[in-house]
Amino acid sequence: MKTIKTTFLALVLVISMATVSFSQSHSHKPPHGGTLRESGGYHIEMVSDASTISFYVMDASNKVLDDKTLSGEVVFENANKTSSKAALKKVDSGALQADLPKKDIFATCTANLTVRGKAVSVDFKNKSASEKDIEHGHKH
Ligand SMILES: [Zn+2]
Ligand SMILES: [Zn+2]
């Protein structure tokens, strides 16, 4: 009886350890300080600074895909319903990057990507501008 109990406890321990390691490897915490969303089984993180926008395409454990065939474009949608597009280019960090519109302040953007031959589309809200600036729609 003692052996059975010990085996059972060991099994429970193995299962709970497996669960812990799974939840640690599958995290939705953005590793580059941006905003992370899931689409097509990939984790896509949007990071923007004053002049550029970058998208990191990662697997479920937030490892940036090392894939030379990654490509895509970003569509910027403005509060007044106009939009503009920019091609994304692979940069050294492994991200796909484009310049932000020079004057417009976008409300949302959609990354239309081709990942390993599959179309993956994901949209993000602009969180780096205030609602007032987004509503106003452009820089001065
Ligand atoms: Zn996920
Ligand atoms: Zn104005």
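Glu 73 has Ala 87 of strand 5 as its bridge partner. Strand 4 (residues 71-77) and strand 5 run antiparallel and are joined by five bridges. Two strands count as paired if DSSP finds at least two bridges between them. Strands are DSSP runs of E with at least two residues, helices are DSSP runs of H or I with at least four residues, and both are numbered from the N terminus.

The model is predicted: local features need pLDDT of at least 70, side-chain atom pairs count only at pLDDT 80 or more, and totals for chains, interfaces and linings use all residues. Residues are numbered from 1 along each chain as its sequence is written, while chains are lettered from A and ligands numbered from 1 in the order in which they are written.

## Overall make-up

The protein contains two helices and nine strands. Read from the N terminus, its elements follow the order α-β-β-β-β-β-β-β-β-β-α.

Of the 140 residues in the protein, 21% are buried. A residue is buried if 20 or more other C-beta atoms lie within 10 Å of its own, exposed if 12 or fewer do, and partly exposed in between, with C-beta atoms placed from the backbone. Two residues are in contact if their C-beta atoms, placed from the backbone, lie within 7 Å. Among contacts between residues at least 6 apart in sequence, 54% join residues at least 24 apart.

Strands of a sheet pair through backbone hydrogen bonds, either parallel or antiparallel. Here, four strands make an open sheet in the order 5-4-8-9, with antiparallel pairing. Strand 5 (83-87) and strand 9 (118-125) are its edge strands, each pairing on one side only. On average, neighbouring strands of this sheet are turned by 20 degrees against each other, direction ignored. The axes behind this value are lines fitted to C-alpha atoms (for helices over the stretch in contact), and angles run from 0 to 180 degrees between N-to-C directions.

Strand 8 (residues 108-115) pairs with strand 9 in the antiparallel sense over eight bridges. Within strand 9, Asp 123 stands opposite Thr 110. Strand 8 and strand 9 form a hairpin with two residues between them, and Arg 116 in the turn has a positive phi of about 50 degrees.

Another open sheet is built from five strands in the order 1-2-3-7-6, and its pairing is antiparallel. Strand 1 (35-39) and strand 6 (89-90) are the edge strands, each pairing on one side only. Strand 6 runs antiparallel to strand 7 (residues 96-99), and two bridges join them. Lys 90 has Leu 96 in strand 7 as its bridge partner.

## Loops and turns

Lys 81 belongs to the loop between strand 4 and strand 5. These two strands form a hairpin with five residues between them, in which Lys 81 takes a positive phi near 80 degrees. Lys 81 is not a glycine. Lys 81 counts as exposed because 7 other C-beta atoms lie within 10 Å.

Phi of Asn 62 is positive, near 60 degrees, in a residue other than glycine. With 18 other C-beta atoms within 10 Å, Asn 62 is partly exposed. Thr 69 is exposed, with 10 other C-beta atoms within 10 Å. The C-alpha atoms of Thr 69 and Arg 116 are separated by 6.8 Å, although these residues are 47 residues apart along the chain.

## The nonpolar core

In soluble globular proteins, nonpolar side chains tend to be buried together. A nonpolar core is a set of buried Ala, Val, Leu, Ile, Met, Phe, Trp, Tyr and Cys residues joined through C-beta atoms within 7 Å. The largest one here has 23 residues, and those with the most contacts inside it are Phe 55, Val 57, Val 74, Cys 109 and Ala 111. At least two residues of this core come from each of strand 2 (42-48), strand 3, strand 4, strand 7, strand 8 and strand 9. Strand 3 gives the most, with five residues.

Leaving aside residues up to four places away in sequence, Phe 55 touches Ile 44, Glu 45, Met 46, Leu 88, Ala 95, Leu 96 and Ala 111.
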